[in-house]
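Please look through the structure shown below, and then follow the questions and answers that come after it.

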Amino acid sequence: MTSAVAFTSVSRHFGSVRAVDNVDINIAEGEFFAMLGPSGSGKTTCLRLIAGFEQPTAGEISIFGQSAQGVPPYKRQVNTVFQDYALFPHLNVLDNVSYGLMIAGISKKERRIAAEEALELVALPGYGGRKPSELSGGQRQRVALARALVNKPKVLLLDEPLGALDLKLREQMQEELKELQRKLGITFVFVTHDQGEALSMADRVAVFNDGKIVQVGKPEDIYYRPEVPFVADFVGSSNVLPPHVTKEVKGIAVTAAVRPEAVRLGEKGLPATVRSTSFIGTSTRVSLDLGGFQMIALLPKGQIIPSAGERTHVSWADEDIHLMEQADE
Amino acid sequence: MHSDRASTKLKVAAGLGLSFMHLPIILIFIYAFTTEDKSYQWPPPGLTLKWFEVTWNRPDVWEALTLSLKVASISTIIALILGTLCAAAVSRSRFFGREAISLLVILPIALPGIVTGISLRSAFNIADIPFSFWTIVLGHATFCIVVVYNNAVARFRRTSGSLIEASMDLGATSFQTFRHVILPNISTALLAGGMLAFALSFDEVIVTTFTAGQQQTLPIWMLEELVRPRQRPVTNVVAMIVVLVTFLPILGAYYLTRGTDTVAGQGK
């Protein structure tokens, strides 16, 4: 199987900052691939390396088997949906969408047809005559998508495209993007800091931390079987248990984590004090203090909610404990 | 309470202010028609159109006018090219001495013209460059660049950097990006800066005095003419034509740039 995008020991350093540090990625053709991580973790730099806006300090990038070394952005069969959409303010929607075709020297008639098709694809038929400033955030996002897709890229790069949208629109766009990707079969590479977004949309997720990929896998693996404490904490907001709870398994030092929804409050278990509670819709988030270290419990609707300052005990079922190899440091 | 309508007092004050600024210009127009040619006498003893004919037939007026137009056009073109390039460099990239350069570029407009004039004159002397048309152009370009630069830098700052990346991403080379994205987005700023530069150069006196050889630009010609009490209304005729000629492009530019307040790359 051909890789759509392959990174071999790629690094990108800005002075002494290692934005991307010795990263290997293999993105398969037709895959919906998410790069997840906190801000400054190197995920956006990786995207810009694929687009060609950055050149690697070391290592090799290839796109569909061809080295991308020294290939400028305008010669790559890759298109980007920018975080701020970057629609051209002086052009109307139709001219924005057909910009790439105009540059490619395609006749006015043909590019008009192609642009209108692309607008139909993103559910904005008949919007061609408007200026970007007359559109809502969600509509601009769709125009940016159409402008990238009309060029029939081999890889579509999306840089936090849903970041500026409100919750409801974001959920709707998540489904639409997924649907679009399935329909077109184009490789999508999606950058986000929202774990929910990555898990719900992607075929595979790469979790970034400090310029490195700490885990790559299917969403279920990332969520249920984190390999390092960082993933457990960042993706599932898991409670990483303190060292005195950690045991050695088969001679390997391990760290244990337990998900907030698996934590139970009651008479049994470790003594704890309730620090605060907050209602978050479907459940209540309880912040607990276990003699110096913090834990979070999510209590579903219907359970008795303790009040702040109350003393209680925390416990969990053995099968809810997830063990990870301890980090090197 | 806020009201959309101004109070009568404010209207009167505004009217007085505007009249103070513009009535003297009308006075200049009226003197162009006076029959008295030695002194400015009010009210004019009679009205005549003969000064227009006299002006038309004076070769020195034509020489000064063409020189001024040439100097202003070439200085503006130089300023447009260098000012835009400099603004692009300062606002689009980070390099050593960037702050210093942006300060140095603005300096000529902050310096008194007489300082710029004297320093240029000494420099031309040391370098053994004879005073000519080109020394005037160079002198004017120093301050014309500033206005173009200031306009362009403000526009660049408001233009989202990802527009350029988006254009490259969609297949455009640097030149195509400049032609299809950058230029349309900064064109009104360049037009405004260019017109200001042209106007500044067209009526510049001080720097020109120091950098010109035997040539007379129009403002210098007018200054000389005022000292000589001969055919005085000719100066007024020239002044009137200058006002009309400079007013038309400004009016045109005003209508061209109207409704382009939207900031490039704004909003999400």
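Angles under 35 degrees count as roughly parallel, over 145 as roughly antiparallel, 65 to 115 as roughly perpendicular and the rest as oblique. This is a predicted model, in which local features need pLDDT of at least 70 and side-chain atom pairs count only at pLDDT 80 or more, while totals for chains, interfaces and linings use all residues. Residues are numbered from 1 along each chain as its sequence is written, chains are lettered from A and ligands numbered from 1 in the order in which they are written, and side-chain values use heavy atoms, leaving out hydrogens and water.

Q: How many helices does chain B have?
A: Helices (H or I, at least four residues) and strands (E, at least two) are DSSP runs, numbered from the N terminus. Chain B has zero strands, and its count of helices is eleven.

Q: How are helix 6 and helix 8 of chain B oriented to each other?
A: Axes are lines fitted to C-alpha atoms, for helices over the stretch in contact, and angles run from 0 to 180 degrees between N-to-C directions. Helix 6 of chain B and helix 8 (residues 174–202) of chain B pack with their axes 8 Å apart, at an angle of about 150 degrees. The two helices, helix 6 and helix 8 of chain B, are therefore roughly antiparallel.

Q: How are helix 3 and helix 6 of chain B oriented to each other?
A: The axes of helix 3 (residues 59–92) and helix 6 (residues 133–158) of chain B come within 6 Å and cross at roughly 40 degrees. Helix 3 and helix 6 of chain B are therefore oblique.

Q: How are helix 5 and helix 6 of chain A oriented to each other?
A: In chain A, the axes of helix 5 (residues 137–149) and helix 6 (residues 167–184) come within 12 Å, and they cross at roughly 15 degrees. Helix 5 and helix 6 of chain A are therefore roughly parallel.

Q: Where in helix 1 of chain B does a kink lie?
A: The bend at a residue is the angle between axes fitted to the seven residues ending there and the seven starting there. In helix 1 of chain B the kink is of about 35 degrees, and it lies shortly before the proline Pro24(B), at Phe20(B).

Q: How far apart are the end C-alpha atoms of helix 1 of chain B?
A: The expected span of a helix is 1.5 Å times one less than its number of residues. For the 24 residues of helix 1 (residues 8–31) of chain B this should give 34 Å, which agrees with the distance between its end C-alpha atoms, 33 Å.
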